[in-house]
Amino acid sequence: MRLAQPCLALLACALLAACQSQPRNANVPGSDTDVAAAEARRAAYESAADAAAAISEAAPATLDSVQVSGSAYRAMQSKSASNQPSRVRVQGNVNFAYAAPPPPPAPMVSGGYPAEFERSVNTETYADHDDNPVHRTSEQPVSTFSVDVDTGSYSNVRRMLRQGVRPPADSVRAEELINYFDYGHPGPANRQQPFQVSTELAPAPWNAQRQLLMIGIKGYDVPKATLPPANLVFLIDTSGSMESEDKLPLLKQAFTQLARQLRAEDRVSIVVYAGSAGLVLPPTPGDRQDEIVAALDRLQAGGSTNGGDGIRLAYAMAKQAFVKDGVNRVILATDGDFNVGIVDRDALKTLVADQRKTGIALSTLGFGAGNYNDAMAEELADVGDGNHAYIDTLQEARKVLVDEMQSTLLTIARDVKIQIEFNPAVVAEYRLIGYENRILKREDFANDKVDAGDIGAGHEVTALYEITPVGSTAQRLPALRYGSKHADAGKAGGRDELAHLSLRYKLPGQEQSRLIQTPIAAHDIAANPSNRFRFASAVAAYADLLRGGQNIDGWQWQDVRRAAEGSLGDDKFGLRHEFVELIDSARQITSAETSEPKIAEVR
């Protein structure tokens, strides 16, 4: 092996020299020398790889790294050209070390362009969604939705505001902004029921003729030291589009923070993907943190993005180290810009949905700007029984992966669904704030085959309904010419009941849901709502103004700021004060967009 190492080093030097000897314009897309240069680089790569493979075969069975042979490289290229995912196959008694594949001759970004030609066009992708409509209770008294604990929209919007950019309306998901904060909802007394449900009713701050109903769900917490053993696979996008400082470098720091929290009973694998997928770190005990961090440090960006292959290999490693009655989770970190192999969102969702049945969850962490695919990252987490967060700073990484480690990793309730039946004798109209992509059919509530959101240890879920009482002058829907009067108030609860709340959930490992039901009294309206209620309503108004401000009557930015400032409460980590600053940033950006342009006077 001592002989092999210098030989491999010389071959690497030769390869680098061959790649650097191309003409300066050889990598320019569309140039006359583009194809010839690419063929020369590939030939040099194949020659060096074949020689390295021959040397490695003569060496002992324990290898320092895994190289791709020329024939394997050609097969991979052929499959990529046909838009079919290449396969990663492990044979024989190979001892994988913690070395990433060698970096490509020139850093590449999404689409195959060299780094110096990186596109400046913003191609960020967000799923379209319209605000939930106002419903007439007499026509549609039942509202059903899946819970959501994602927070990615909040930190992504924060990133754009700090850059002086108004976030696209579709990037603003009200429920993720609301659920970013801890409201101190009461938790369960014991673990017989994994969470506690609470409600609060008060006048809507932007229109006293309406009301807000806040529903809070708080899961039981678990100290980090008592978490069950964790089997984690870090699935890391190392494609060329991840090269900038807010992507792979930040990603490595984020995962390093998580690695420092692990214990001897935990296991960590690292899988990377660019043009194809590769194993960087096999299942490794969590107390070997220096090895895990060293493997992260060696990662470099380059190539196109074959996410499908990476997901397959990640699940394979998770199955290999599967921990019964433990935490088994793939954490996908990416800008979401898949452009090789399986690129269709629906096909990727099917792949992930099939794998979740094995007891392995998928969470996603979004990074970067310019080509961030928010829609892909969020939807994969939804179908993977995981959660989605966006990491814009090292502080956010600590919040998600250290401070909230229990809720990020340990699921305590699956397929959690909420159904509210409003009393038409009391409620004329209602509107659910946010959760547009979590709406379920009425019949889905009792159907245990229908997937829904999950709750982690210590997680909170907050939902807000805007309600217009019967007789209020603030009704939004015009009266129907042939509409009937509201239902008989004396049949079920009369005017004492505002609504009836039902909640279904499954315990981990079980396929039959459990049901919680509770009435909501109409007379429980609070004249002086709690800080949690007032702050949550301020966040909801902030989200609405970012999306155009169509649902909060005459409220403006200064009203939102006043409401937030007056309900800061115990702000342990300063997140609520930061929110007030973001309100100021949003006001300045939106005001600049709507101000009249100045016309220079011609003399």
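This is a predicted model: local features need pLDDT of at least 70, side-chain atom pairs count only at pLDDT 80 or more; totals for chains, interfaces and linings use all residues.
Trainee: In what order do the strands of the open sheet of 5 strands lie?

Mentor: The order is β3-β14-β16-β6-β5, with antiparallel pairing. β3 (135-136) and β5 (195-204) stand at the edges with a single partner strand each, so one side of each lacks a neighbour in the sheet.

Trainee: How many bridges join β5 and strand β6?

Mentor: The two strands pair in the antiparallel sense over 10 bridges. As an example, E200 has M214 in β6 as its bridge partner.

Trainee: Which helix lies across β5, β6, β14 and β16?

Mentor: Helix α13 (residues 531-546) does, running at about 105° to β6.

Trainee: Why is the pair of Y542 and W557 edge-to-face?

Mentor: Planes over 60 degrees apart count as edge-to-face. The ring planes of Y542 and W557 stand at 75°, with centres 6.1 Å apart, so this pair is edge-to-face. The pair links helix α13, which holds Y542, to helix α14, which holds W557, across 15 residues.

Trainee: Are Y542 and W557 buried or exposed?

Mentor: Buried means under 20% relative accessible area. Y542, at 1%, is therefore buried, and W557, at 8%, also counts as buried. Y542 forms a further edge-to-face pair with F579, at 4.8 Å centre to centre and 75° between the planes. F579 lies in helix α15 (residues 575-594), 37 residues from Y542.

Trainee: Which residues do ring pairs link into a cluster?

Mentor: The cluster consists of Y154, Y180, F181, F535, Y542, W557 and F579. Charged side chains also lie over ring faces: K399 over Y180, at 4.1 Å from the ring centre, and R576 over F535, at 4.3 Å.

Notes: Residues are numbered from 1 along each chain as its sequence is written. Side-chain values use heavy atoms; hydrogens and water are left out. Two strands pair if DSSP finds at least two bridges between them. Helices (H or I, at least four residues) and strands (E, at least two) are DSSP runs, numbered from the N terminus. Contact means heavy atoms within 4.5 Å. Axes are lines fitted to C-alpha atoms, for helices over the stretch in contact, and angles run from 0 to 180 degrees between N-to-C directions. Rings of Phe, Tyr and Trp (its six-membered ring) pair if their centres lie within 6.5 Å; planes under 30 degrees apart count as stacked, over 60 as edge-to-face and the rest as tilted. Buried means under 20% relative accessible area, exposed over 50%, partly exposed in between (1.4 Å probe, protein chains only). A charge sits over a ring if NZ of Lys or CZ of Arg is within 6 Å of the ring centre and within 35 degrees of the ring normal.
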